[in-house]
Amino acid sequence: MHRWNIPGVCGLDNSGNSCYLNAVLQCLCSTVPLVEHFLNRDTRKEFAKSKCRVAEVFVGLLQEMWVGRSSSCTPMEARSVLCSILPQFNNYLQQDAQELLLFLLNVLHDDLKKVGAPSLAFFFFYKELPPLTASSRVFSRFLKWQTRSSIHKWRSDSGRNGITAARSSTVVSHLFEGQLSYMTLCMHCDHQSHSTQAFLVLSLPIPTGTIKCSIQDCLSAFFEQTVLTGSEQMLCSACGQKRETTVLTYLDKPPEILTLHLKRFGFKGKKQVKLRNNVIFSKKLNLSQFLPSSAQDTLYSSYRLYAVVNHTGNLNMGHYTSVCYNALTRTWHCFDDAAVKELQDSLVQSPNAYMLLYSRKPFQKPKISGL
């Protein structure tokens, strides 16, 4: 095995069906602003003073992966601490990597709140709505409404939950949290209602009926307008009755780190199936079409890919690996537990992609003491 001596390029030993954990940890290890924050000397002193146990263990692992000299290490302490807090992972069963990522970010966030003021709870948003059936009149109504509204009004609605308050944030929420906005429109009386939802991960549907699609197709399916009819009609507060309702969704606050989860697992009748569609993704992603018109700025909507979690097999008998970009060497590496190999840019694309992590700002050389 090649013995790597590159900061941030370190394999992780499998401690018993822990490939899902290893893949997620590699992605976080490649998130440069997160690593810089955790390995900052002043930050580490604050962790010790506030007894941030989870954060301290995470710091120890990042220190070993970035400043250590081993080609691999064992994240046993990190797994032990996580399992003590999240008993659902305290076994040797195959687990879902995206669920682990959400729980891990939530645990880190809660731990970091000890350093500052109390903060928000996180939400994971799945969009489970029927296919688009809206008529063109919905678009004209929406355009009239959008002209009257602005992104500032959308954000003011979320203030009551403390989501956008600076004092409520940690480095986790600052980097990974975004916000969706919804408008529901009664098709009978045109009454509108607005709401917002914070998210850490966008879980995208994969279009059916094709063996190949693009990540833009998945995003379009997530954000497409929807008409709720029949038993799914919503109660209109103005009419006082259930009415056909149009739901419009867009991205109000794009996160610094955008995490996309491809919904490959589902059911066909009572049988669990995995969608094996080849989702083509690019290293550059533009989300401007999913933002309100007042926020369609390239600075806020352009992203660069820096990590991919791949899944092979099925849900119960599968295996996770990750592909991550190293900002120091500007090269890609494939991590298969303790095994590591450099990867050509052209091989980053994979039909096994399960999660994609994008950064709004290109990562620069990490500012880490000891490098």
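Modeller: Start with a rule: the expected span of a helix is 1.5 Å times one less than its number of residues. Keep in mind that this is a predicted model.

Biologist: How do you know that the span of H6 agrees with that rule?

Modeller: Helix H6 covers residues 97-112, which is 16 residues. The rule gives 22 Å, and the end C-alpha atoms are 22 Å apart, so the two agree.

Biologist: What makes H6 mostly covered?

Modeller: Buried means under 20% relative accessible area. Twelve of the 16 residues of H6 are buried. Among them are Leu100, Leu101, Leu104, Leu105 and Leu108, along with His109 and Asp111. For the chain, 52% of the 371 residues count as buried.

Biologist: What makes aspartate 96 a cap for H6?

Modeller: A polar contact needs N or O atoms within 3.5 Å. A side-chain oxygen of aspartate 96 lies 3.0 Å from the backbone nitrogen of glutamine 98, at the N-terminal end of H6.

Biologist: Which elements have the lowest and the highest mean pLDDT?

Modeller: Helix H8, residues 151-158, has the lowest, at 34. Strand S21, residues 353-359, has the highest, at 98. Over residues 117-167 the pLDDT is below 50, yet this stretch has 113 contacts in the model beyond near neighbours in sequence. The chain averages 83, and 82% of the residues score at least 70.

Biologist: How many helices and strands does the chain have?

Modeller: Eleven helices and 21 strands. Of the contacts with a separation of 6 or more, 71% join residues 24 or more positions apart.

Notes
Residues are numbered from 1 along each chain as its sequence is written. This is a predicted model: local features need pLDDT of at least 70, side-chain atom pairs count only at pLDDT 80 or more; totals for chains, interfaces and linings use all residues. Side-chain values use heavy atoms; hydrogens and water are left out. Helices (H or I, at least four residues) and strands (E, at least two) are DSSP runs, numbered from the N terminus. Buried means under 20% relative accessible area, exposed over 50%, partly exposed in between (1.4 Å probe, protein chains only). Contact means heavy atoms within 4.5 Å. A polar contact is a pair of N or O atoms within 3.5 Å; within protein, one must be able to donate a hydrogen and the other to accept it, and residues adjacent in sequence count only if both atoms are side-chain atoms. pLDDT is the predictor's confidence in each residue, from 0 to 100.
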